[in-house]
Amino acid sequence: MNIEKSREQHVRSKENAIKYGFWLLLMFFLTLLPFLLPNPFYMRLVTELFIYGLLAMSLDVLLGYTGLLSFMHAAYMGIGAYSVGIFLTYVEIPPSLWLSFPLGVGIVLLIALPVGWLQVRTGGFAFALLTIAFGMMYYTLVWKSRDITGGDDGMIGIPKPDITIGNWSLGSTGDPLIMYYFTLFVVLICFLVTRRIIQSPFGAVLEGIRENEERASFIGYNIRRFKLLGWLLACCLAGVCGVLFTYLKGSVSPTMMDATAGGAVLMMTLLGGLGTLWGPFLGAALFIFGQDFISTLTEHWMVFMGLAVMLLVLFMPKGIGGMINQFLEKRQSTKGE
Amino acid sequence: MQGEVVFWVQSGLNCLVLGGLLLLIAIGLNIIYGISRVINLAHASLYALGAYFGYTLVTTGINFFLAILIAPIMVAALGAVIERVIIEPTRERPMVYSLILTYGLMVFMDGMLKYIWGDAIHFVEVPAVLSQSISIAGIPYPFYRVFILIVCVVVMIGLALLLEKTKLGMAMRAASNIPEMVSGLGINMKLIHVSVFALGCMLAGIGGIIAGPLFTVYPMMGGEMLISCFVVLVIGGLGSLKGVTISALLVGAVQTLGFIFITDYAMVVVYVMMAIILIFMPRGIVGEGKFE
């Protein structure tokens, strides 16, 4: 009995070592990546990939862990991007990272709070329908407020703030290399914080709600409050994505928050796998490269995207992340025997 | 003074026309939800498809009245195929999957519409009988809009008769309450699901072909209608036929008047109205909504 236990511990610690080794290696690789890439274009592409990966992960927090479906999650990224864009363009002070970053995320939360409060008052179907209705509302507002947001042209030439700590300047966000490391840093922090939250008792309650709402409410949890908190967490992360996006591109356009963009995020999350935080990053990478590839072949990429979503749900509902997890578990169980 | 009366009567009739169209499309979505617990996000794409079928039939020289009969049947047949191939396999899975699946179908169908018919705006010619203007108590009004109202009323009466008086309708209503019991009584639930889905699609198809000449036919028409339908469903309460009827007329009126008085932000008013109703009546306007 004792021997068995210690053997089990040994196996587990060995597995943990492999896991941490893998993560360390990955971090090492990502730190060196900018020097391996041939030109700044690819560096910016990888940075964009991190941002969309984070966005897909935030949708996974909502869909994979809380069981709530948002069709227009990109809209909240758009709100963050526009808030920062408008602030940096119109407010007459030198562009500041420390002011604009919390402001962008704060505005997203300020809008997401009342909307989320309304949405969680209804059930699953109506929640999903309402995300579309509100998403379209934001889109309409941005599109029609031509004087401030530039309408369908969007905003271009947004000033890029410097990254400063006290008086010490690290460099401008306009520099692709600096922006790469800044994005990597922020995305990593967000990933770790979200992982911690998901693994906490709070995360367990969210998963309980996903599995059986009635049972969770009988245990005594306030379902609506937990759903709202899950929603706010997802929207907050989407806001971070929006802010990073504005820094990276220096421009925003309404197409980043329309229904197609919302569907693209959903597709990335599904492709990557629900219920794994790292899966959506893979999904985002595959989606962005896939879309790039298909759009060079045909302009009717919508047909392929629709087909891909249907095939994914029908034949691969767990996505790539789910398949990798399944594979690892299977290997583990055969080893255990 | 005279001009003002004319304006209000015409606007009032316009409200009714849009309300009737919304009702026709939203009720199809609603009966599918009531019985199969599936929200078909591609419903409005089927509406657009109905309009495109109508356009193609009319341009190939088929009488418009005949096209009104043929196009919805074509849409319904496609609906039956969709139900068997896509909806049926996910019936046992959580509702998120059917939503995402029909979302994929919507993207696919909108892409196909663009692929087949192109980006251009198409105009549908209606027979001379319909394109004239009539006068209602001295106030001129296009007869085609009155025709839409007549079609909506006729279809709604037909639907009510189908649900209330026929065996199939009775089975459908029973299935919306206790599906296990209905299938226990030896009624083929699969057949019920398919026929309800096809019926809903047919209603969308009818809405599409009669809306075509009014709004013109273009690829985005489905998306715009979809959003309005959601608002109607949320305000009326999912699964409630009475609530949806009231809310369709309400949304039709607010949307029409909104476009007259505030143009650009008309839809925002509709969303705000929806939000207020949700705060005070989360189960819809008559409190019968079955949100799950």
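Student: Why is Thr216(B) called partly exposed?

Tutor: This is a predicted model, and in it Thr216(B) has 14 other C-beta atoms within 10 Å. A residue is buried at 20 or more and exposed at 12 or fewer, and partly exposed in between. With 14, Thr216(B) is therefore partly exposed. You'll find Thr216(B) in the loop between α9 (189-215) and α10 of chain B.

Student: What is the phi of Thr216(B) near?

Tutor: Phi of Thr216(B) is near 65 degrees, a positive value in a residue other than glycine. Arg37(B) also has a positive phi, of about 55 degrees, and is not a glycine. Arg37(B) is in the loop between α1 and α2 (43-59) of chain B.

Student: How do you know whether Arg37(B) is buried or exposed, or something in between?

Tutor: Count its neighbours again: Arg37(B) has 17 C-beta neighbours inside 10 Å. Buried needs 20 or more and exposed needs 12 or fewer, so 17 makes Arg37(B) partly exposed.

Student: What about Val85(B), buried or exposed?

Tutor: Val85(B) has 12 other C-beta atoms within 10 Å. The exposed class takes 12 or fewer, so Val85(B) is exposed. Val85(B) sits in helix α3 (residues 64-87) of chain B.

Student: What makes Leu29(B) buried?

Tutor: Leu29(B) has 28 C-beta neighbours inside 10 Å. The cut-off for buried is 20 or more, so Leu29(B) passes. Leu29(B) belongs to helix α1 of chain B. Leaving out residues up to four places away in sequence, Leu29(B) touches Ile39(B), Asn40(B), His43(B), Gly200(B), Cys229(B) and Leu233(B). Leu203(B) is 174 residues away from Leu29(B) in sequence, yet their C-alpha atoms are 9.0 Å apart in space.

Student: How do you know that the length of α12(B) agrees with what a helix should span?

Tutor: At 1.5 Å a residue, the 15 residues of α12(B) should span 21 Å. The end C-alpha atoms of α12(B) are 22 Å apart, which agrees.

Student: Why do you say the buried residues of α12(B) line one face?

Tutor: The buried residues in α12(B) are Met267(B), Val270(B), Tyr271(B) and Met274(B). Looking down the axis of α12(B), its buried residues fall within an arc of 95 degrees, so they line one face of the helix. The face of α12(B) turned away from the buried side carries the exposed residues Ile276(B), Ile279(B) and Phe280(B). As for partners, the buried residues of α12(B) pack against α5 (124-144) of chain A, and against α10 and α11 (241-261) of chain B.

Student: How many residues does each chain bring to the contact between them?

Tutor: Chain B brings 38 residues and chain A brings 37 residues. On chain B's side, α4 (95-117), α10 (221-236) and α12 (266-280) are the elements giving two or more residues. The largest share, 16 residues, comes from α4(B). By type, chain B's side divides into 31 nonpolar, 3 polar and 4 charged.

Student: How do you know that chain B agrees with a compact globule?

Tutor: With 292 residues, a compact globule would have a radius of gyration near 19 Å, and chain B has 19 Å, so that agrees. Chain B has 12 helices and 2 strands, and 47% of its 292 residues count as buried.

Student: And what makes chain A agree with a compact globule?

Tutor: For 337 residues, a compact globule would have a radius of gyration near 20 Å; chain A has 21 Å, so chain A agrees too. Chain A has 14 helices and 2 strands, and 44% of its 337 residues count as buried.

Note on methods
Residues numbered from 1 in each chain as written. Chains lettered and ligands numbered in written order. Predicted model: local features only at pLDDT ≥ 70, side-chain atom pairs only at ≥ 80, totals over all residues. Contact = placed C-beta atoms within 7 Å. Helix = DSSP H or I, 4+ residues; strand = E, 2+ residues; numbered from the N terminus. Nonpolar A, V, L, I, M, F, W, Y, C, P; charged D, E, K, R; others polar. Rg over C-alpha atoms; globule rule 2.2 N^0.38 Å. Expected span 1.5 Å × (residues − 1). Arc of directions from axis to C-beta.
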